[in-house]
Amino acid sequence: MEKKQHPSYGMLQLSRSSIGGNGTALFGSSIMHNDVIRLTISSGFMEREDSQDKYYTKTSRRNCIVEVDMSYTQFAEAITSLNMGDGVPVTITNIGGQPVPKCPYEDKQKMMRKEVGEAADGIARKLNQQAAEVKKLLDEKRVLSKSDREWIVDVLKGAGRRLSNDIPFLNDLFLEQMDKTVTEAKGEFESYVQNKMNSIALEALAGRISNDELHPAVNMIPGAEKVEQVQDGLLDTDEQVEGMQMNM
């Protein structure tokens, strides 16, 4: 057996990982996650035996080059959006065998509510300030000049623009974030259910095979039952010939 190592040899592994408790925060995600896709890149080596190459990962933790966690949605986006933008957010959990501090969680809904509220308060403060300036002008002058009247009109138009543009824009941003959060949560739930169904199906299939309930040679191949009987010596020569002709 020949063993080969080189600084350029690496192994990439994708796995599903379950996280207990309240889950974990992921960079670029607005919800907590109990199930993630984990991508690990580690140093590797090759062994050649019996004219075959076999590839292995160095098991030492320090041979982990980088490890990242992704949500199911992020993983799907990563493999379907090549060469688009700066990439897809992932959460780095390990670099060079050293764990990275956990990603902080940011409640996007709470954040958007705060930002929308602050923007709305800013608009209200601006309108109140201009209303006070207009009132002061009206109190100080009995007769308004042309420039005064034009200024008041501009103030009113500006207020109308802010109310008709800024408020709907903020509302659209809020709804967009809510839709993104709902879509992400729905995608995570659907992926979780699909993975569970696949696991249950595989376990059931493995159980049936181990219990000898599946007989592929008999159930799946036409005439296989006859072949088994011939092999067991249950059919005489004529019946064997007849069976062979039928199979032909």
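1. For exposure, the terms are as follows: buried means under 20% relative accessible area, exposed means over 50%, and partly exposed lies in between, with a 1.4 Å probe and protein chains only. By that scale Asp 53 is partly exposed, its relative accessible area being 35%, and Arg 48 is likewise partly exposed at 35% relative accessibility.

2. The model is a predicted one, in which local features need pLDDT of at least 70 and side-chain atom pairs count only at pLDDT 80 or more, whereas totals for chains, interfaces and linings use all residues. Residues are numbered from 1 along each chain as its sequence is written, and side-chain values use heavy atoms, with hydrogens and water left out.

3. Four salt bridges are found when the whole structure is searched, a salt bridge being a side-chain nitrogen of Lys or Arg within 4 Å of a carboxyl oxygen of Asp or Glu. One of them joins the side chains of Arg 48 and Asp 53, with an N to O distance of 2.6 Å.

4. Another salt bridge brings together the side chains of Arg 38 and Asp 69, at 2.7 Å from N to O. Because Arg 38 belongs to strand β2 (residues 35-49) and Asp 69 to strand β4 (residues 64-70), this pair ties together parts that are 31 residues apart in sequence; helices (H or I, at least four residues) and strands (E, at least two) are DSSP runs numbered from the N terminus. Arg 38 is partly exposed at 22% relative accessibility, while Asp 69 is buried, with a relative accessible area of 4%.

5. Lys 141 and Asp 148 also form a salt bridge, in which the closest N and O atoms are 2.8 Å apart. Here Lys 141 is partly exposed at 37% relative accessibility, and Asp 148 is buried, with a relative accessible area of 10%.

6. Asp 69 returns in the largest pocket, where it is among the residues nearest the centre, together with Ile 19, Thr 24, Thr 93 and Lys 102, out of a lining of 16 residues. On a 1 Å grid over the protein atoms alone, a pocket is an open set of points with protein on both sides within 12 Å along at least five of seven lines, and lining residues have an atom within 4 Å of a point. The volume of this largest pocket is about 250 Å³, and strand β5 (residues 91-95) supplies the largest share of its lining, three residues.

7. The second largest pocket has a volume of about 180 Å³, and its lining includes Gly 28, Thr 73, Gln 74, Lys 180 and Glu 184. Two or more lining residues come from each of α1 (72-80) and α3 (146-210), and α1 gives the most, with three residues.

8. On confidence, the mean pLDDT (the predictor's confidence in each residue, from 0 to 100) of the protein chain is 77, and 81% of its residues reach 70 or more. Where pLDDT is low, predicted coordinates should not be read in detail.

Conventions. 1 Å grid on protein atoms, 1.4 Å probe; cavity = no way out; pocket = protein on both sides within 12 Å on 5 of 7 lines; lining within 4 Å. Points joined across faces, edges and corners; volume = space filled by probe spheres on them.
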